[in-house]
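Let's take a friendly look at how two protein chains meet. Have the sequence and the 3D view ready as you read.

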Amino acid sequence: MFLLVLYIIGITAEGMSGALIAGRYKMDLIGVLFIALAAAIGGGSVRDILFNHYPLTWVAHPEYIIIVCAAALLTTLIPSVIARLEKLFLVLDALGLVTFAVIGAEIARAQGLGVVLVVTSGVITAVFGGVLRDIFCGIVPLVFRKEFYAGVAILTSLIYYGLSLLEWDLEVASIVAVVSGFIIRILAIWYNFSVPVFSYGAKE
Amino acid sequence: MFLLVLYIIGITAEGMSGALIAGRYKMDLIGVLFIALAAAIGGGSVRDILFNHYPLTWVAHPEYIIIVCAAALLTTLIPSVIARLEKLFLVLDALGLVTFAVIGAEIARAQGLGVVLVVTSGVITAVFGGVLRDIFCGIVPLVFRKEFYAGVAILTSLIYYGLSLLEWDLEVASIVAVVSGFIIRILAIWYNFSVPVFSYGAKE
Amino acid sequence: MFLLVLYIIGITAEGMSGALIAGRYKMDLIGVLFIALAAAIGGGSVRDILFNHYPLTWVAHPEYIIIVCAAALLTTLIPSVIARLEKLFLVLDALGLVTFAVIGAEIARAQGLGVVLVVTSGVITAVFGGVLRDIFCGIVPLVFRKEFYAGVAILTSLIYYGLSLLEWDLEVASIVAVVSGFIIRILAIWYNFSVPVFSYGAKE
């Protein structure tokens, strides 16, 4: 229930910021919807395909498609309002990131998979929407250059999985994982913390 | 039967124009085949993966792979002939677009899914081949900037689904949907009709 | 057994060279792991998704994820050592290419599929990791422009499938296919043999 509310906030926020990014590339309205959907529900779709977890979330709940499309259309009507809320969106994106990670981790855990796959599932859910969004816009995926973005998904998945191993109630574990992941992400933005970059033979 | 003939015309036309596009990027022959296959049967493959509709069309009917490869190879032998048929290909592409949309819509409808997913399935089938083709060529997918392209797929899927709700014979419904979608697409090209573009903060 | 050893060598080599390529695009460490994983196990994942062959290899054997990540991390520690081993990596990449092709061909053959799909499966397994790696790095996939790369995967798959039709022992058939494919690939590099390029209307 807690996760569901956060999930809907998360896909709405990702859909809106996806629409804003599409606006930079002058897509038509249908393109904007497509990019918003990729950003919001693409990560979960890739996870479900890789882990054979059918039906996909939005096939079972097509209302999520409508929510994301409505959020994207709203964004095209008042883009400057949305763009001015930049800080709010950083917070919502952080919430979405850690929520998606916990949901992904839980799906792998519920399939009886071990820590490597639980973390993989959490990270894919959390970051692959952004990867698809960027690829469809024709730009290099940004998520692997952003300050501690995928790293937060890893830590959040680990916290959730660790608490589940300790036989915590899963609802409580998800709340603790979301809150701690969120704090880590906000601190990472605040202090501009980042994972070391590997640069070798890079063209300037 | 009607759809099958149009489907084969559609994948042949998409394969040929995919090969022409690959030619612009100086691929080797195997790259050309790959791009042609992505353009012709990529959309249906993505749809089948998302909707858990196995086996994929070309796994059940590998002869489609051969048809597309033959069409692509023919294109590499007589590219200037094919390229001069530009108007014919606009027509064939329009036919393919609406045929793919109806096939996609029918697959979702036959799974008992509602209008949102029927349209989603129709659009994905119709446009995702072009999206994959462009991504594999390293260019930004054009389909979201083209005059009323994905929009035609939406309308065609809606017409087909509406007629099926009215309990029309599905064969008749598919003919009506293909013909009306085709007319809409040709009119859209003729009058250069397009979906509004959303441009916000675009770099010139 | 023979294939398993080669497979592990193959994913290690692809993971290392994937990490080196990621280094050219200044990714953070998590991005490097992601690119390495896409390069090493992406081709098999795409094959398994297309052919409905679940669970994916790395879901059944998460230790492969650890192997690839370890190889990629090692590469970031001693990139100049790895880069200086260029010729060794050409050899290992050739081994990986033909091993992946035989594994892919066998999976389709074991599903009772015919020659077209066996070759398709072999080629996808062998080259799609490189395609994904390049797309995630934001560059045009190189595999379709490289001297006789995908072509070697086709020939290797055909040799393996032909021997299986002759009712050779599958272990022996795979050894013969790997060895002959490897020799073809090395000769192709040596003599700079390539598939004809199709260039039409190319922008310079």
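How much area is buried between chain B and chain A? About 2,700 Å² is buried there, and carbon and sulfur atoms give 74% of that area. Buried area here is the accessible area (1.4 Å probe) that two parts lose on being put together, summed over both.

This is a predicted model, in which local features need pLDDT of at least 70, side-chain atom pairs count only at pLDDT 80 or more, and totals for chains, interfaces and linings use all residues. Residues are numbered from 1 along each chain as its sequence is written, chains are lettered from A and ligands numbered from 1 in the order in which they are written, and side-chain values use heavy atoms, leaving out hydrogens and water.

**Who takes part**
- Chain B brings 30 residues to the contact and chain A brings 31 residues, where contact means heavy atoms within 4.5 Å.
- Phe144(B), Phe198(B) and Tyr200(B) supply 30% of the area that chain B buries against chain A, more than any other three residues.

**Strand pairing**
- Strand E1 (residues 27-28) of chain A and E2(B) run antiparallel, joined by 2 bridges.
- Strands (E, at least two residues) are DSSP runs, numbered from the N terminus, and two of them pair if DSSP finds at least two bridges between them.
- Opposite Asp28(A) stands Val197(B), in E2(B).

Conventions
Helices (H or I, at least four residues) and strands (E, at least two) are DSSP runs, numbered from the N terminus.
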